[in-house]
Amino acid sequence: MEKKSRKDSATPCKETFEPLPVESKTLTTAVLLLNSPEEEILIKACEALYTFAEKGDENKVSLLRLGALHPLCKLITHNNKLVRRNAIMALGIMASNGHVKNALKKINVIPSIVEKLSVEEETVVHEFATLCLAPLSVDFVCKVQIFENNGLAPLIHLLSSSDPDVQKNSVETIFNLVQDYQSRQAVHVLGGIPPLLELLRSDFPVIQHLALKVLQSVTADTCNSFREQQGFEKLMDILSNMDLSDLHAEALQVVANCLNERETIRLIHNSGGLTRLMEFLLIPNKPQIQSTAVKCFVRMAQICESRRLLHELGIEKVLVELLSVSDVSVMASTCQAVAAMSFYPASKESFRDLGAIPAVVQFLNSENLALGEAATEALASLTHDNQLNALAVYEAGGHEMLIQQLYGSCPKTVAYSAATLCNIAGQEITRSSILSCGAIEALVELLKSKDTEIVVRTTLCVAALACDKEARMKLQKAGGLQPLVSLLHSNHKELLHNVCFAVHVCACDTPTAVEMCKFGALEILQEISQSANRRNSFSNLAMASLLNSNLSVKYSLTGLLSYTDIITDGFYDAGKVHSGQRVLTLEELSKKPVDQHRAIIAITTATEYESNTTCLHKEEEKQKDEADSESLTVRQHDKKTGDVALQLLEKEAKESIRLLNDERQQYAALARLVSEAMGGVVPVEKLHEFPWVMHLSELKFQLQSNVVPIGLISKGIYYHRALLFKYLADCIGMSCTLVRGEYNRAWNEVLLFNKSPINKHSSSQPCYYIVDLMHQPGNLLALNTPAALKYQTI
């Protein structure tokens with residue numbers, strides 16, 4: 001190898017060869033002589049073929065066509081030393097040709113070539129053996145063969161050869177091998193770091209560059225042996241020498257690999273290396289150097305202590321200056337550094353004060369995918385838990401560009417954009433603007449993505465936006481609830497956590513909760529709650545939110561409505577269902593043909609009720625003779641009329657019961673009102689004669705529906721009366737529960753304070769009562785007393 005100046009090292013040596021004056025017949029004869037039994041002839045034949053092949057690629061191909069390859073591969077193991085040497089020389093010079101290399105891959109010659117690397121062989125054999133392995137080692141199969149034949153150890157030994165050609169060929173082969181993990185690890189184990197570092201002092205730039213490339217690969221996984229061999233000190237010597245500027249970019253790459261280890265950072269900082277690295281950031285007209293130097297700080301910033309150290313060195317100001325560099329690679333690397341440093345709260349503030357946010361926002365318009373990805377990553381980090389930075393992105397118009405990025409093809413860009421929008425959506429003014437720009441529609445499509453990271457960020461963004469009623473309406477209209485509910489099946493821990501949180505937020509209003517229940521959200525959440533692995537902090541909360549916003553389903557599943565559960569128009573009692581069984585919507589139940597099962601009791605005061613008939617008008621019924629009281633009178637009505645009888649009861653409760661001052665009297669009066677509307681007093685001994693079953697059957701027949709408005713019921717049993725009591729109590733601001741029992745039982749519990757007989761102005765401990773609606777309407781039965789238990793279980 002000729003020693004070249006640093007100026008000429010990048011320019012390959014160009015030589016022209018005159019055609020070899022060898023006739024085809026003579027060349028063919030030379031190839032045939034490779035099979036001669038005479039050693040002298042073999043020596044001369046191999047030498048002649050080497051000389052011929054050395055002249056150019058055409059000659060190498062000619063030898064391949066004449067069949068020289070197979071006999072040469074055999075001769076490299078010949079007993080005669082000169083035969084072996086000349087054969088490996090010819091084979092090595094031929095192997096640089098692509099056609100020859102492809103042919104060699106089909107011959108099991110690598111074990112024989114590796115043998116030629118032994119210390120017993122002379123230097124010229126080492127040169128051409130490594131020259132042969134260098135092009136072959138690019139191929140994956142050949143890499144495996146070299147490694148399995150223990151070729152790496154002798155190659156590392158040859159790095160210390162006195163011959164620069166051997167060094168160059170060996171380090172080039174090692175570079176190809178260490179693209180695989182097992183070879184990278186083996187270099188450390190076999191002591192490859194010291195000779196590689198020694199090659200950095202070579203007089204040949206090509207060797208130095210190859211050595212640095214190998215060091216880049218082997219330090220990608222671990223830097224322990226590199227650090228133990230004072231590798232950083234030697235690299236810093238190179239970085240401090242401007243005469244070696246052509247090595248700086250690759251040297252910085254090696255440094256960057258190791259700057260995510262605390263020990264390495266401490267070592268470089270103590271030696272003043274960080275200051276030197278920062279100087280590289282602002283070298284003018286050297287974008288490759290700048291970009292690589294920035295990557296050093298990106299790696300450093302992965303460690304919390306390093307972020308503090310870099311902040312103290314004022315790294316933010318330098319990075320902001322780099323945002324104005326025109327080179328795309330520098331801008332992208334700088335955005336990555338901003339993202340990493342933004343995990344340090346003080347750095348977030350510095351970046352905002354230095355004007356970094358508008359600069360980064362402008363990069364969202366770039367057509368370069370790498371820059372767009374880096375910019376969105378930076379914005380996601382800058383806005384995380386920082387509302388001032390989020391507002392700055394919004395004021396720079398970033399939210400509009402981020403929404404457009406949601407339609408992009410780069411998964412990471414999409415995920416970072418969703419994360420940033422989630423951060424920006426924390427304020428009402430920004431959230432409103434995000435919604436007006438069509439964010440929900442874009443997010444709905446992303447809920448169907450196969451990319452887990454995208455869906456993780458999207459669900460969190462949906463949750464941030466869904467605290468707004470307009471967003472929930474848009475989400476439902478855009479068909480986003482079904483894919484959101486489907487994601488509850490996920491086994492990905494973070495994704496499932498986010499989905500449960502989004503369901504919890506979306507379930508704060510009844511229409512959304514009903515729709516999600518329609519898609520099976522409750523059943524899935526019940527399964528999750530029973531799983532030790534999938535249960536999370538929001539799964540139970542999501543289920544509670546769904547039930548609290550869909551009281552009909554809650555009552556069917558749990559059999560209990562609390563004091564704070566306020567029944568409103570649209571509530572229905574579908575009866576008791578078991579865990580995991582879906583409660584059908586009122587619309588679905590209305591469409592079922594009339595059956596023999598229990599009637600669905602509905603509260604329909606102000607909404608459409610899809611039936612051709614309406615409620616029984618209680619005022620008209622009172623005017624009829626007792627003989628006709630068993631017959632039903634129905635009248636045609638407009639669909640929007642609602643349950644007129646219930647409306648009248650509600651009006652009466654508001655006008656009469658509210659006027660009573662005593663709470664006990666209010667509950668008692670309301671109980672009597674309910675009892676009168678549902679058939680009056682029914683003595684316990686006459687309970688079996690009360691014709692409520694026939695009455696409900698007749699109503700279903702008259703309505704041609706399984707769903708019966710509660711105001712139509714004039715002969716109601718416990719669970720009818722308890723539901724009506726709960727609804728009317730909620731209407732007029734009185735508190736009570738609704739509890740489902742067994743065998744058509746249900747009751748209401750109320751909480752009252754008993755006045756002290758000594759001091760009427762003081763109150764004793766509160767007491768819970770069950771309100772009698774059947775046998776002695778208005779009677780309050782203290783909970784857990786024999787009278788109360790009898791009412792619950794008769």
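Let's start with a word you'll need all the way through: a residue is buried if its relative accessible area is under 20%, exposed if over 50%, and partly exposed in between, using a 1.4 Å probe and protein chains only. What you're looking at is a predicted model, where local features need pLDDT of at least 70, side-chain atom pairs count only at pLDDT 80 or more, and totals for chains, interfaces and linings use all residues. Residues are numbered from 1 along each chain as its sequence is written, and side-chain values use heavy atoms, with hydrogens and water left out.

**Stop 1: a pair of rings**

Select Phe226. Its relative accessibility is 0%, so Phe226 counts as buried. Rings of Phe, Tyr and Trp (its six-membered ring) pair if their centres lie within 6.5 Å; planes under 30 degrees apart are stacked, over 60 edge-to-face, and the rest tilted. The structure has seven aromatic pairs. In the pair Phe226 and Phe232, the ring centres are 4.9 Å apart and the planes stand at 85 degrees, so call it edge-to-face.

Next, pick Tyr718 and Tyr791. Their planes meet at 80 degrees with centres 5.4 Å apart, so this pair is edge-to-face. Tyr718 belongs to helix 45 (residues 718-731) and Tyr791 to helix 46 (residues 786-793), so the pair links distant parts of the chain, 73 residues apart. (Helices, H or I with at least four residues, and strands, E with at least two, are DSSP runs numbered from the N terminus.) Tyr718 is buried at 2%, and Tyr791 is buried at 4%.

**Stop 2: charges over rings**

Which face does Arg745 lie over? That of Tyr718, at 4.0 Å from the ring centre. A charge sits over a ring if NZ of Lys or CZ of Arg is within 6 Å of the ring centre and within 35 degrees of the ring normal. Then jump to Tyr555: the charged end of Arg740 sits over this ring, 4.1 Å from its centre.

**Stop 3**

Three strands make an open, antiparallel sheet in the order 1-5-6. Two strands pair if DSSP finds at least two bridges between them. At the edges are strand 1 (560-561) and strand 6 (746-747), each pairing on one side only. Strand 1 is joined by two bridges to strand 5 (residues 738-740); look for Leu560 and its bridge partner, Val739.

**Stop 4: two covered helices**

Select residues 81-95, helix 5. Twelve of its 15 residues are buried, among them Val83, Ile88 and Met94. Show what is in contact (heavy atoms within 4.5 Å): the cover includes helix 2 (39-53) and helix 8 (123-136).

Now select helix 23, residues 328-341. The expected span of a helix is 1.5 Å times one less than its number of residues. For the 14 residues of helix 23 that gives 20 Å, and the end C-alpha atoms are 20 Å apart, which agrees. Eleven of the 14 are buried, including Val330, Cys335 and Met341.

**Last stop: Leu481**

Find Leu481 in helix 34 (residues 481-486). Is Leu481 buried or exposed? At 2% relative accessibility, Leu481 counts as buried. Beyond its neighbours within four places in sequence, its contacts include Leu475, Thr512 and Phe519.
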